[in-house]
Amino acid sequence: MLIFSQEKGFSSLFAVCFIASALLLSGCASNEVIEAEAVEVEVVEVAEEVNEIDPYEGFNRKVFVFNDTLDSYVAAPISDAYLFVTPEFVQSGVANFFNNLKDINVVLNDVMQGKMVQSAEDTGRFAVNSTVGLLGLFDVATEIGLEKHDEDFAQTLAVWGVPQGPYLVLPLLGPATTRGVPGGIFDAAANPATYIGAPVQLLQMLNARANADGELNFIEEAALDPYVFTRESFLQYRNNLISDGKLENTDDLLELDDEFDEFDEDDDFAKDNSNEEGNSTVISQVESTGTIDNKPQDAQVSSDDLTRASESLDGAVKSLDAATSSYKTADEKIDQLEMQ
Amino acid sequence: MFFFGINSSFAVTSAKVESKQLSETSATAKNIVIDFQNVLLDVMKKGQSLDFQARCKQLEVAILKSHDVIKSLRTIVGSKEWNSFSDAQKNQLTKVFTKFIVSTYASNFNEFSNESFSYISEHTTKKGNIIVRSVLDIPAGKRKKVTFDYALKKNGNDWKIYNIAADGVSDLATRRSEYRRILAKNDGFNALIAIITKKIDNYAKQ
């Protein structure tokens with residue numbers, strides 16, 4: 001799983017994942033990584049058909065396992081220690097501090113997406129939190145009703161019409177799309193935290209990992225195939241950010257029933273069972289049906305993988321090109337967006 | 001109901017009256033969602049006094065009452081796959097899946113720190129389903145708000161939840177990719193049952 005994500009989206013991404021992740025309080029999950037990997041290895045065998053969104057899946061999965069392993073042995077223990085040792089107000093102070101610096105990115109991207117009113121609000125947020133909020137340690141702005149927005153350069157590129165491009169899992173950084181690569185570079189360049197120095201960057205990484213802790217535990221517990229679960233929820237979450245959560249854009253994703261309506265009528269099983277609701281004995285009838293094979297993992301990186309890696313890099317470079325050329329016409333685009 | 005057999009003309013009249021009353025009194029989509037969320041909050045508040053199994057019991061009743069689990073499951077696995085299952089398999093998968101959903105809720109909704117749900121809006125889609133939007137407000141910790149969209153479809157007289165999206169991540173869309181992947185393997189059905197069962201066991205062990 002991702003170790004230290006650059007994208008704020010990511011740390012909050014899994015908050016999302018279905019129900020409770022945001023509430024994940026207790027955790028108390030013993031990290032049964034091996035098991036998650038076992039599932040993953042099993043599933044990888046059928047992964048051969050090429051997915052349009054994820055053409056480098058074979059390679060991505062290897063990076064995913066690498067990140068996951070590194071996370072279990074390095075990032076997770078450090079993050080656990082941080083969460084255990086530091087009082088909650090320190091943790092939220094640290095999180096607020098980095099969120100405040102990120103508001104600079106938010107303002108820039110507000111402007112580039114033609115969201116002028118929002119950019120004024122976000123400038124206000126930054127001003128209030130940097131002063132009254134003691135250099136951003138306290139999120140006073142939210143208290144007084146200036147809500148936090150989530151904008152980054154990858155979203156701006158999307159608004160400008162740069163295509164999403166294939167899904168990538170980057171070493172250490174985790175899930176991305178080719179559009180997200182130039183996006184991430186731009187955001188890092190525009191964020192003061194990048195220039196303060198190594199200790200601050202380490203703290204930033206630690207903060208990102210610690211904030212994603214509950215979500216990562218949720219995936220480990222709830223996902224049948226953590227790789228697919230992460231990919232699907234990442235892409236949907238990013239799309240939701242791009243559209244600013246507008247409901248009309250989510251109807252299709254929510255309804256999903258095109259191919260089912262026609263057979264609703266003649267599915268006797270559904271009819272027979274539709275009256276059984278409220279029958280709470282259902283659960284107790286479930287029986288255990290055996291265990292999952294724990295196959296050894298193939299950690300060899302073949303030349304085929306290297307080819308795929310370089311292809312995925314090509315994709316990122318193309319996105320960077322597209323980003324650059326779209327930046328040339330940014331002027332006109334912002335004007336158009338403003339008029340909308 | 002008894003009237004139906006006795007006097008058909010009377011039965012027709014009474015059926016009409018009954019259905020009219022039902023449409024007036026049966027819960028609206030919005031209320032189905034709110035009632036369900038109230039159960040979630042209730043379980044969270046009692047998180048310290050109820051153990052995992054007790055939470056499961058309470059949640060299962062609420063989920064079966066408000067959700068169309070079979071519809072969700074069919075959407076996840078796909079019509080073709082679903083129709084290829086025997087009735088016994090459909091039954092087995094439905095039971096395991098229901099228990100998995102219940103366990104996931106019971107495991108995560110186990111503590112209360114002043115969370116609250118607020119209703120935002122509802123709208124009817126082109127296909128006639130209803131989407132209810134609500135926000136979960138979490139005052140404690142770092143994250144503040146999660147938007148939950150519930151998709152409800154009419155099943156008989158009742159609206160039933162069949163999909164939930166949290167901040168735009170659709171539960172069914174995510175599961176669909178996972179489950180279909182596993183089902184595409186040799187002996188995919190048994191593999192799917194085995195993986196889900198394993199997950200349920202892990203939740204129960206916590």
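## Burial and make-up of chain B

Buried residues make up 44% of the 206 residues in chain B. A residue is buried if 20 or more other C-beta atoms lie within 10 Å of its own, exposed if 12 or fewer, and partly exposed in between, with C-beta atoms placed from the backbone. The model is predicted: local features need pLDDT of at least 70, side-chain atom pairs count only at pLDDT 80 or more, and totals for chains, interfaces and linings use all residues. Residues are numbered from 1 along each chain as its sequence is written, while chains are lettered from A and ligands numbered from 1 in the order in which they are written.

Chain B holds nine helices and five strands. Both are DSSP runs, numbered from the N terminus: helices are H or I with at least four residues, strands are E with at least two. From the N terminus on, the order is α-α-α-α-α-α-α-β-β-β-β-β-α-α. Of the chain B contacts with a separation of 6 or more, 56% come from residues 24 or more positions apart. Two residues are in contact if their C-beta atoms, placed from the backbone, lie within 7 Å.

## The sheet

The five strands of chain B form an open sheet in the order β1-β2-β3-β4-β5, with antiparallel pairing. The edge strands are β1 and β5 (169–170) of chain B, and each pairs on one side only. Two strands pair if DSSP finds at least two bridges between them. Helix α3 (residues 29–45) of chain B packs on the sheet and touches β1, β2, β3 and β4 of chain B. The direction of α3 makes about 30° with that of β2(B).

Eight bridges join β1 (residues 116–124) to β2 (residues 130–137) in chain B. Thr124(B) has Ile130(B) in β2(B) as its bridge partner. These two strands form a hairpin with five residues between them. In the turn, Gly128(B) has a positive phi of about 90°.

β2(B) also pairs with β3 (residues 145–155) of chain B, antiparallel, over eight bridges. Ile131(B) has Ala151(B) in β3(B) as its bridge partner. β4 (residues 158–166) of chain B pairs with β5(B) over two bridges. There, Ala166(B) stands opposite Val169(B).

## Helices of chain B

Helices α5 (residues 69–77) and α7 (residues 87–108) of chain B pack at an angle of about 105°, with their axes 10 Å apart. That makes α5(B) roughly perpendicular to α7(B), a class covering 65 to 115 degrees; under 35 is roughly parallel, over 145 roughly antiparallel, and the rest oblique. Axes are lines fitted to C-alpha atoms, for helices over the stretch in contact, and angles run from 0 to 180 degrees between N-to-C directions. Val69(B), Ile70(B) and Leu73(B) in α5(B) meet Leu93(B), Thr94(B), Phe97(B) and Thr98(B) in α7(B). The contact residues divide into five nonpolar, two polar and no charged. Nonpolar means Ala, Val, Leu, Ile, Met, Phe, Trp, Tyr, Cys and Pro; charged means Asp, Glu, Lys and Arg; the others, Gly among them, are polar.

Helix α8 (residues 171–183) of chain B has 13 residues. From first C-alpha to last, α8(B) reaches 18 Å, close to the 18 Å expected at 1.5 Å a residue. The expected span is 1.5 Å times one less than the number of residues. Buried residues of α8(B) include Leu172(B), Tyr179(B) and Ile182(B).

## Val140 in chain A

Val140(A) lies in helix α6 (residues 140–143) of chain A. Val140(A) counts as partly exposed because it has 18 C-beta neighbours inside 10 Å. Leaving aside neighbours within four places in sequence, Val140(A) is in contact with Val128(A), Asn129(A), Val132(A) and Gly133(A).
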